[in-house]
Every structure is written in structure tokens, then in C-alpha cells.
Amino acid sequence: MSMRLQGRKAVVTGAASGIGAAVAARLAADGAQVFTADIQGEVDFVADLTGTDANTRLVAKANARMGGLDIVVPCAGISTFHPLEGHDDAYFQRVLDVNLIAVFRLVREAAAHLKAHGAGRIVTIGSTTSTYGDEGLCAYSASKHAVLGLTKSIAAELGPFGVTATCVQPGAIDTPMTAPAFDQMPEYRTFWEGKAPLRRLGKPEDIADVVAFLCSEDARFVSGHGLWVDGGAMVRH
Ligand SMILES: NC(=O)c1ccc[n+]([C@@H]2O[C@H](COP(=O)([O-])OP(=O)(O)OC[C@H]3O[C@@H](n4cnc5c(N)ncnc54)[C@H](O)[C@@H]3O)[C@@H](O)[C@H]2O)c1
């Protein structure tokens, strides 16, 4: 494996599980120094990232530890199915707080550091529901559409400072987030496996490898859009 991220300093949230854990491992394998955060687990910084100053503290600690910051990958997220009727206000707000507001705050706090070295990278994690909707996913889809929009505007604003911002949009990935649904509803698993022309669910590493590419020098001219990493599932949407 190449050391294409040697000398780069990264913050990855949601790093205790699933896609975030795979991203942290892949960036480290490519030579980056990685500072990990999550609400739980074996990470450098344990906090609920919806706390008003949590992302300020996270960036300060990461900067103090690594002496700079080049890469930000906010992977922390939540999702469950809630039908529109009877959808709880507090849960809707919680999804926006975790999936959107915490991402906004992290990028805002990291921006000055990312600009400082002229080659910053922000890779947000959207979803195929950043583009489409689905039953029971009002809050989740709204948050993921918003993350894609946020990413595009960040790309416009920070591009002049050499910072790229892209949004990876995973399809159905087998992680602790989705495992309960796939286990309880085998037909749901079969549906997603069949929908993808590559005929399988994704693995966290399928996403992590693309994130690492987007963080690398090879992706220096890629910015301001979403990229489906879904085994081709959305060609049939
Ligand atoms: N798994 C999929 O099919 C899929 C598809 C599209 C997008 N995504 C997105 O990928 C990202 C990672 O999801 P995953 O599937 O790896 O799920 P996961 O549940 O395995 O990991 C999510 C991590 O986020 C952390 N987290 C949740 N709330 C937090 C908070 N308030 N503060 C700090 N950390 C918090 C959790 O503790 C967990 O470690 C999420 O943004 C998710 O929406 C996942």
C-alpha cells in the first residue's frame, strides 16, 4: 500500500464503528496521522458531537496533538426508520443535530487549519438519500440532502484556499447501523443485494478506499459534488 497520505493530519468522527472505523484505518494505512472521535468506544476524543462546543474542543485537541489539520472526515451519523405520521419532533431534531449541524460545526472550526496549508480536504458522508427519498426516512433523507448542499457551498467558499470538499454517497453498507434492519428483514437485505448490479451489500472498506482517494493528491481537482459508492444500485432508481 502506498504512503500517499504521509505527513497529512486527519480528524475522523464516528470512528468507533462501521464506515468511520474503516476510514480511520485506511487513512492511517496510507500514512496519515489520524485523530479519532466518537460518542463511545476506543477513540482519541469521546464526546457527543452535538454538544455546542464539542467540535471546538475536538479541533483544538486534534490540533494540539498533531500540530495542524489537513483532512476532515465527519462519519458520525444516526438512522432508523420512522413513518411520517407520528414522527417525533425530538427525534427529527436529533437526526439533524448529529448528521448535519455537527458536521457544519466541525468544518467551521477546522476551516482555518485546512486553509493554512493550501491543500485541505473535507469528505462528508452523505447517502443515496442525499439525492433520493425513501419511506420512513424523512429525517435521515432531509439531513443527508442538506449535507450534500452544505458540502457544495463549502467547496465554493474554501476552494480559493486550495481546500476541496466532496460528499461520498454510500449505498447499502453492512455496518452496525444497518445490521439490525438486514437481520430482522431478510427481504430488505435481498432487495439491496439485488438492486446493485454488483450484487452485494457494500463493506465499510468499499467506502473508506474512496474516501482515502478523495483525500489524496490524486483527487486535487475533484470538488463540490457527491459521488455514489453503491455498487451501481442507483442506476435503476
Ligand atoms: N451503513 C450504510 O448503509 C450507510 C449508507 C449511507 C450513509 N451512511 C452514513 O455513514 C456514516 C457512518 O455510518 P455507519 O453505517 O458506519 O454507522 P455506525 O452506526 O456503524 O457508525 C456511526 C458512528 O457514529 C457514532 N455517533 C453517533 N452519534 C454520535 C454523536 N452524537 N457524537 C459522536 N459520534 C456519534 C456512533 O457511536 C458510531 O460509532 C453515517 O453518517 C451514515 O449516515 C451509512
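How exposed is D44, in terms of relative accessibility? At 34% relative accessibility, D44 counts as partly exposed, a class that lies between buried (under 20% relative accessible area) and exposed (over 50%), as computed with a 1.4 Å probe on protein chains only. The structure is a predicted model, in which local features need pLDDT of at least 70 and side-chain atom pairs count only at pLDDT 80 or more, whereas totals for chains, interfaces and linings use all residues. Residues are numbered from 1 along each chain as its sequence is written, and side-chain values use heavy atoms, with hydrogens and water left out.

D44 takes part in a salt bridge with R65, the closest N and O atoms being 3.4 Å apart; a salt bridge is here a side-chain nitrogen of Lys or Arg within 4 Å of a carboxyl oxygen of Asp or Glu. Because R65 lies in helix 2 and D44 in the loop between strand 2 and strand 3 (45-46), this pair ties together parts that are 21 residues apart in sequence, with helices (H or I, at least four residues) and strands (E, at least two) taken as DSSP runs numbered from the N terminus. R65 itself, at 51% relative accessibility, counts as exposed.

The count of salt bridges comes to 13. Among them, D30 and R4 meet through their side chains at 3.0 Å, N to O, and this pair links distant parts of the chain, with D30 in the loop between helix 1 (18-29) and strand 2, and R4 in the segment before strand 1 (9-13), 26 residues apart. D30 is buried, with a relative accessible area of 0%, whereas R4 is partly exposed at 29%. Both residues belong to a network of salt bridges that links R4, R26, D30 and D209. A further salt bridge joins R189 and E193 (3.9 Å, N to O), which both lie in helix 6 (residues 186-195), four residues apart, about one turn of the helix.

The largest nonpolar core has 31 residues, and those with the most contacts inside it are V11, F35, F45, L58, L69, I122 and I154; such a core is a set of buried Ala, Val, Leu, Ile, Met, Phe, Trp, Tyr and Cys residues joined through side-chain atoms within 4.5 Å. The largest share of this core, eight residues, comes from helix 3. Leaving aside neighbours within four places in sequence, I154 is in contact (heavy atoms within 4.5 Å) with V107, I122, G159 and A165. A second, separate core of 27 residues includes L5, A208, V210 and V211.
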